[in-house]
Amino acid sequence: MGIIKVVCGIIFNQEKVFICRRKKGKSQEGFWEFPGGKIENTETDENALKRELIEELEMDVDIISFVGKSIHDYGSFQIELRGYKCDLKHYAGKLTDHDKYIWTDVNELSNYDIAPADIPLINLID
């Protein structure tokens, strides 16, 4: 079993950070996460992140910096999650794999049921 490489955006808009909740029927349903997705073989992290945000959310961001990575074993699979700090350019509210989103303060993220792989990234946000 190889490690699935995944990228996510830690997206800011006026000091608030964006998280969204996985909808029923999806892997990790009910968990809140930083949005993103799998990195295809030929993609850079940045290209994968921009593609995934457009596909899932129709969201456009400026990627600012690499925050860090987290490796998590979900039992039947492992992921390496690479997080990037981003600034929001545009978002009209589309949800595909999620049923809810919220803009919140970084220090309030502990109030949400965050996906296990995303939790280590919270401590790396500056």
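Is tyrosine 84 buried or exposed? Tyrosine 84 is buried, at a relative accessible area of 7%; buried stands for under 20% relative accessible area, exposed for over 50%, and partly exposed for the range in between, with a 1.4 Å probe and protein chains only. The model is predicted, so local features need pLDDT of at least 70 and side-chain atom pairs count only at pLDDT 80 or more, while totals for chains, interfaces and linings use all residues. Residues are numbered from 1 along each chain as its sequence is written, and side-chain values use heavy atoms, with hydrogens and water left out.

The chain contains 2 helices and 7 strands, the helices being DSSP runs of H or I with at least four residues and the strands runs of E with at least two, numbered from the N terminus. Read from the N terminus, their order is β-β-β-β-α-β-β-β-α. The chain is as compact as a globular protein of 126 residues, because its radius of gyration of 13 Å is close to the 14 Å given by the globule rule. That radius is taken over C-alpha atoms, and the rule is 2.2 Å times the number of residues to the power 0.38. The C-alpha trace spans about 40 × 35 × 30 Å along its principal axes.

Of the 126 residues, 40% count as buried. Among contacts (heavy atoms within 4.5 Å) with a separation of 6 or more, 69% are between residues 24 or more positions apart. The accessible surface is about 6800 Å², and carbon and sulfur atoms contribute 46% of this; the areas come from the Shrake-Rupley method with a 1.4 Å probe, and for residues only the protein chains shown count as cover. There are 16 positive and 23 negative side chains, and the centres of the two sets are 3 Å apart. Lys and Arg count as positive and Asp and Glu as negative, with His and the chain ends not counted; the charge is placed at NZ of Lys, CZ of Arg, CG of Asp or CD of Glu.

The aromatic residues come next. The whole structure holds 7 aromatic pairs, where rings of Phe, Tyr and Trp (its six-membered ring) pair if their centres lie within 6.5 Å, and planes under 30 degrees apart count as stacked, over 60 as edge-to-face and the rest as tilted. Phenylalanine 66 and tyrosine 84 form an edge-to-face pair, because their ring centres are 5.2 Å apart and their planes stand at 65°. This pair links distant parts of the chain, with phenylalanine 66 in strand S5 (residues 60-73) and tyrosine 84 in strand S6 (residues 78-90), 18 residues apart. Phenylalanine 66 is partly exposed at 45%, whereas tyrosine 84 is buried. Ring pairs also join Phe18, Tyr91, Tyr101 and Trp103 into a cluster.

Strand S5 also holds isoleucine 71, which is partly exposed at 47% relative accessibility. Not counting residues up to four places away in sequence, isoleucine 71 touches Ile3, Ile79 and Glu80. Its C-alpha atom is 9.6 Å from that of isoleucine 4, 67 residues away along the chain.

Most residues other than glycine have a negative phi. Glutamine 28 has a positive phi of about 65° and lies in the loop between strand S2 (16-22) and strand S3 (32-33); glutamine 28 is partly exposed, with a relative accessible area of 22%. Glutamate 58, with phi near 55°, sits in the loop between helix H1 (45-57) and S5 and is partly exposed at 47%.

Asparagine 107 is in the loop between strand S7 (98-104) and H2 and is exposed, at 65% relative accessibility. Proline 120 belongs to helix H2 (residues 119-122) and is partly exposed at 36%. In the segment after H2 lies isoleucine 125, which is buried at 15% relative accessible area. Leaving aside neighbours within four places in sequence, isoleucine 125 is in contact with Ile10, Phe12, Phe34, Val67, Val106 and Leu109. From isoleucine 125 to lysine 50 the C-alpha separation is 20 Å, at 75 residues apart in sequence.
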